[in-house]
Amino acid sequence: MSLRIHNLEEYELAYANSIANPEEFWADIANNFQWEKPWSKVLDWNFTEPKVEWFLDAKLNITVNCLDRHIENNGHQTALIWEPNDPKENTIKFTYKDLLKEVSKMANVLKDLGVKKGDRVCLYMPMVPELSFAVLACARIGAIHSVVFAGFSANSISDRINDCQAGYVITTDALSRGAKQIPVKAVVDEALEMVTCVKKVLVVNRLNWPVHMLEGRDIWYHDIKGIVSEICEPEIMDAQDPLFILYTSGSTGKPKGVVHACGGYMVYAGYTFANVFQYEPNDVFWCTADIGWVTGHTYILYGPLMNASTSLMFEGIPTYPDPGRFWSIIDKHAVNIFYTAPTAIRSLMAAGIDHVLAYGLYSLKTLGSVGEPINVEAWHWYHTHVGKGKCPVIDTWWQTETGGVMISALAGISPLIPAHAGFPLPGIQTVLLNSDGIEIAENDVEGYLAIKFPWPGMLRTTWGDHERCRINYFDTYKGYYFTGDGAKRNSDGQYRILGRVDDVINVSGHRFGTAEIENAINLNKQVIESAVVGYPHDIKGQGIYAFVIPAKMPVDPNVLKDEIIETIVAQIGRIAKPDKIQIVSGLPKTRSGKIMRRILRKIAEGETENLGDTSTLLDPMVVDEIKNGAIK
Ligand code: WTA
């Protein structure tokens, strides 16, 4: 059996097989990869502990599957196209041979610094080629990479480094984003003041920005990359060894470190990339995500490289130097498959059609969407104006925890309904549950989206706290992995994702826990209490609305609001800035002191009628005050 599904009949057959004989099904898929030693058993699992192990006793190195095995036939093919922020700067292309050399050099540099198998390495970098080298270099030597998106604050970095006790950090001097240049190393320096576990910091020079280098700790990459060998033997990993940790927000407390394992993740990333995008040799694939998020891990690096694809990596933003940048890059590099987020589509829609019409976009054959529900209007705009009506738009639903796409059309194969993710991929046993945790068998229904059987790409644990993993994902509905999303299933069985049903807000495709933002706000000395909710936002999907009780009513509320924003930027990062802050004297609470978020959500949505029964509140009057002061 090959990796690729070619038509609807094959999909149906694969799906049926994957349910009837999951182990045989995944073993067949896994045989498409290069293993140093085969598995003794395909799967061992229970969702109570939970314990999920795929390809037991098998040995591999994922970078052998991404790089070495392509050298013979595809060594001169472009693996990575790097497009800089500034269109006047040169594009850089790396063949598979080049990439193997760069990764091996970086791997040897890391070894020189003392990095060993199992060590955690934190990567805090913009979208420069060295970020790709660094990710793969860690995988090459068996170190566990934990990429932190370069928009997070020093506090967020130090929390993550402390949580996984990373001994090493890789960063850059600074970054360029649109017209702005932003310090990066200085943020790391600040973070490391709150950390004692970091031994070495490797710094890549991007902008010749002046930085402070701490002697004995900080090393320039360019100072040693010339003196290390260009060959690095891959570390042989057990299939269950962690490949990476990626921190993501949940409904409670601080972000948790989602852990993916080498063997299962490899098979799932490779399989989903081949099938969802229906990649053909010589296609140019472009995923616009940042490698700081899971989408970049799986669909800029691991998935495409395992399929010997050409993957484009873009340093900049969609609106620089103008809102035609995405389309100009597509024409410049003859991109065939384009994968982006609804928030980007909506913001480019708002910038006007002329920016799109200026480009031919003839090379495009498939369009993808990820990160949040795509609304029908954005779907049609994308399909009509970007895809010129001839490219399938696939809406791919998945999560950091799932490792790869779970529900999606297969491009050009599956029937499409705008704003519907579609059917689950082979091997994915999706169910809808009612609030009692009972499976809803019929179609044309709505429920909580859960998965009832393991798949190779699923998370294995949350770093350092397995119980947290159990409680977060496996406790709400016993016997299921619970996604935290609500969904509809139409009469054909196609899924439409409705969004989060827990206290997670999805802002421009980035996840934040409401509690996480509230905790940050509450650190401001002038704040007594706060409550954060999401509300529908035209561009971002969801916006952040914060209700804040101050110790003393301020003379000028804007001063306090600015300070609250500063606190959030310092605690979490710029990406978590609230869109609206309302200063209130109290919050709607039940007599037992629980905040009635349902009421706040309605007010944030602009709904002032039908707030439900407010008579049981501790102080019903406060609702009128909040309603009257609501920010439009
Ligand atoms: C949401 C991103 C609707 C969902 C890969 C999920 C989506 C969360 C879609 C995971 C989609 C992702 N349609 N909603 N196609 N894709 N989501 O971990 O709420 O950053 O639970 O992974 O994004 O976000 P994460």
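Helices (H or I, at least four residues) and strands (E, at least two) are taken here as DSSP runs and numbered from the N terminus. Just after helix 10, for instance, Ala308 takes a positive phi of about 55°. The structure is a predicted model, so local features need pLDDT of at least 70 and side-chain atom pairs count only at pLDDT 80 or more, while totals for chains, interfaces and linings use all residues. Residues are numbered from 1 along each chain as its sequence is written, and side-chain values use heavy atoms, with hydrogens and water left out.

First, the overall picture. The chain carries 19 helices and 30 strands. Along the principal axes, the C-alpha atoms fill a box of roughly 75 × 65 × 55 Å. Buried residues (under 20% relative accessible area, with exposed over 50% and partly exposed in between; 1.4 Å probe, protein chains only) make up 61% of the 632. Taking a contact as heavy atoms within 4.5 Å, 71% of the contacts between residues at least 6 apart in sequence join residues at least 24 apart. As for charge, the mean positions of the 59 positive and 74 negative charges lie 2 Å apart. Lys and Arg count as positive and Asp and Glu as negative, leaving out His and the chain ends, and each charge is placed at NZ of Lys, CZ of Arg, CG of Asp or CD of Glu.

Ala308 sits in the loop between helix 10 and strand 17 and is itself buried, at 13% relative accessible area. Another non-glycine residue with a positive phi, near 70°, is Asp57. Asp57 belongs to the loop between strand 2 and strand 3 (59-60) and is partly exposed at 40%.

Two cis peptide bonds also turn up in loops. One joins Glu49 and Pro50, with omega about -5°, and Pro50 lies between strand 1 (41-46) and strand 2 (51-56). The other runs from Tyr320 to Pro321, with omega near -5°; Pro321 falls between strand 17 (310-314) and helix 11 (325-333).

Then there are the aromatics. Rings of Phe, Tyr and Trp (its six-membered ring) pair if their centres lie within 6.5 Å; planes under 30 degrees apart count as stacked, over 60 as edge-to-face and the rest as tilted. By this rule the count comes to 47 aromatic pairs. Tyr11 and Tyr15 make a tilted one, 6.1 Å centre to centre with 35° between the planes. Both residues lie in helix 1 (residues 8-20), 4 residues apart, about one turn of the helix. Tyr11 is buried, with a relative accessible area of 11%. Phe338 and Tyr382 have ring centres 6.4 Å apart and planes at 65°, so this pair is edge-to-face. The pair links distant parts of the chain, with Phe338 in strand 18 (residues 337-340) and Tyr382 in helix 14 (residues 376-386), 44 residues apart. Phe338 is buried at 0% relative accessibility, and Tyr382 is buried at 0% too. One aromatic cluster includes Trp26, Trp54 and Tyr268.
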